[in-house]
Amino acid sequence: MNSLKVGLLGIGTVGGGTYTVLKRNHEEISLRAGRKIEIVKIAERNVQRAKELTDGQIEVTNDLFSVVTDPNIDVVVELIGGYTLAKDVVLKAIEQGKHVVTANKALIALHGNEIFEAAKSKGVIVAYEAAVAGGIPIIKALREGLVANKIEWIAGIINGTTNFILTEMREKGLAFADVLGEAQRLGYAEADPTFDVEGIDAAHKLMIMSAIGFGIPMQFDKVYTEGITKLESKDIRYAEELGYRVKLLGITKRSLNGIELRVHPTLIPEKRLIANVNGAMNAVVVKGDAVGPTLYYGAGAGAEPTGSAVIADLVDVARMQNASVEQRVPYLAYHDSTSTATTPILPIDEISSAYYLRMRALDKPGVLAEVTKILGDRQISIDAMMQKEPQDGETEADIVILTHITVEKNMNSAIQAIEALQAIDGKLVRLRMEELNK
Ligand code: HSE
C-alpha cells in the first residue's frame with residue numbers, strides 16, 4: 001500500500017517530538033498502521049533549524065499554504081498554535097480534501113463546529129487527540145472505549161503548569177507569584193502564561209471533553225473559568241489540615257437542568273487518586289453509568305508524549321482514510337446529536353457544589369452563631385469547621401467552614417450576608433469542593 005504522506009506545519013516542541021518518535025519507532029508504527037507514515041514536507045518559520053533537525057532529509061519551507069495545497073500530501077498536521085492563522089490553514093487543507101491532525105485545543109474549542117462541518121462535507125478526518133491532556137489517550141477513551149456509557153461527569157487536572165504551581169505551593173508553602181517563574185523556566189507554560197494560570201487552557205480542553213461526553217456543540221463562551229492567581233497558600237494549608245488537596249479542575253457534569261461546565265480551584269479529598277497527581281502531570285476521571293469512575297493519568301505536555309498522541313491520530317488516518325464518514329468514529333463522538341445538542345449549559349450560579357469558606361472574624365462570643373444562622377436560614381448544611389487561634393496580639397481569628405452541597409446562588413447570598421456582619425473583616429474566601437467518588 002502507498003505510504004501516508006504527511007505535511008507538518010511547525011516543528012517546535014510537539015512537531016520535534018512527533019518527528020523523533022516517528023523516526024525511532026517507524027517499523028512498529030508501520031506494522032500497526034498497515035502502511036508507512038512519512039513526513040514529506042515541513043513548514044517552519046525557522047527553515048534552517050528545521051533542516052538541521054531533520055538532517056536535510058525532508059523538504060522545508062516557510063510557506064504554510066504551500067504545504068496545505070501540495071497535491072502530494074494526504075494529511076496536514078497543524079502544530080502552529082493560535083486560532084487565526086491556524087484556522088485559515090486548517091480550513092484550506094480541508095478545502096483541498098486533506099485530512100487534518102491537530103494538537104490545537106484553542107482552535108477546536110473555539111472553531112470546532114465550523115471545522116467539523118467543513119470536514120464532514122469534504123469527507124475528511126479532523127483528529128485532535130493531542131489537544132487534550134497531551135499523551136493521555138482521553139479522546140480515544142471517551143469516543144470509543146466508553147461508548148456504551150451514559151457519561152455522568154468528567155473532572156480533570158488538564159493543565160500541567162498550574163498543577164506544578166499548586167504542587168510547589170503546597171509542598172514548599174510558597175506564594176503563587178514565587179512559583180510561576182519557575183514553571184515558565186521549566187517550559188510548561190503556554191506562550192502567554194495567562195492562558196495557564198487563568199484557567200483558559202484548561203477551559204479549552206474541558207470544552208472539548210464536554211462536547212464529546214454529552215453530544216453538545218462547542219460553546220466556549222459558556223465555560224465558567226476561574227484561575228489560580230488569587231489562591232493563597234494559607235488556604236492550601238488549611239484544606240490539607242482538613243484532609244483535602246486543592247487542584248485546578250475542569251469539571252463537566254450532567255445535571256437535571258443542564259450541563260455544568262466549569263474550571264476553578266477545587267478541594268478534593270486527599271484519599272482520591274487524582275488528588276495525588278502532582279507536578280506537571282495530568283489526570284482525568286470519567287464517570288460512566290456502566291463502568292463507574294475511571295482514571296486516566298500521564299504527561300499532559302512535552303515533546304514525545306504529545307507527539308505520541310499526534311502519531312496515534314496519524315495511524316487512525318492511515319487505517320481509515322478510505323472509509324466513509326459514516327464508517328469512521330464521529331468527530332464529536334455522536335453520529336446524530338440532534339437530541340442532545342440543545343441541552344443548556346448552566347450558568348455558574350445554578351451549579352451545585354459543596355464549599356470551603358474562610359473568613360476573618362472577631363474572636364468574641366456569638367460570632368459563629370451569627371454565621372451558622374445565615375447558612376442555616378438558606379438550608380446550607382455544615383460538614384466541618386475549624387478555628388485557628390489568633391496570633392499574639394491579634395483580636396481576629398481565621399474560621400474555616402466546609403459545607404454540604406448547595407446551589408451556588410444560595411452560597412452567594414450567604415456570603416454576602418456573612419460579609420455584612422460587623423464581626424467579619426473583609427471578604428470571604430470561597431472555594432468549591434468535589435468528592436469525585438459517585
Ligand atoms: N500549557 C499546557 C499545560 C501545555 O501546562 O498543560 C499543554 O497543553
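Contacts across the sequence come first: in this predicted model, 73% of the contacts between residues at least 6 apart join residues at least 24 apart. The chain is built from 15 helices and 17 strands, and 54% of its 438 residues count as buried. Its radius of gyration is 24 Å, which agrees with the value near 22 Å that a compact globule of 438 residues would have. Along the principal axes, the C-alpha trace spans about 80 × 45 × 35 Å.

On to charge. There are 48 positive and 57 negative side chains, and the centres of the two sets sit 3 Å apart. A search of the whole structure turns up 33 salt bridges. One of them pairs Glu 434 with Lys 253 at 2.9 Å, N to O. Glu 434 lies in the segment after strand 17 and Lys 253 in strand 9, so this pair ties together parts that are 181 residues apart in sequence. Both residues are buried.

Another salt bridge runs between Arg 360 and Glu 394, at 3.1 Å. Here strand 13, which holds Arg 360, is linked to the loop between strands 14 and 15, which holds Glu 394, 34 residues away. Arg 360 is partly exposed at 22% relative accessibility, and Glu 394 is partly exposed at 37%.

Asp 377 counts as partly exposed at 49%, whereas Lys 373, at 52%, counts as exposed. Shared partners also join Lys 234, Arg 360, Glu 394, Glu 396 and Asp 398 into one salt-bridge network.

Key: Residues are numbered from 1 along each chain as its sequence is written. This is a predicted model: local features need pLDDT of at least 70, side-chain atom pairs count only at pLDDT 80 or more; totals for chains, interfaces and linings use all residues. Side-chain values use heavy atoms; hydrogens and water are left out. Helices (H or I, at least four residues) and strands (E, at least two) are DSSP runs, numbered from the N terminus. The radius of gyration is taken over C-alpha atoms; the globule rule is 2.2 Å times the number of residues to the power 0.38. Buried means under 20% relative accessible area, exposed over 50%, partly exposed in between (1.4 Å probe, protein chains only). Contact means heavy atoms within 4.5 Å. Lys and Arg count as positive and Asp and Glu as negative; His and the chain ends are not counted. The place of a charge is taken as NZ of Lys, CZ of Arg, CG of Asp or CD of Glu. A salt bridge is a side-chain nitrogen of Lys or Arg within 4 Å of a carboxyl oxygen of Asp or Glu.
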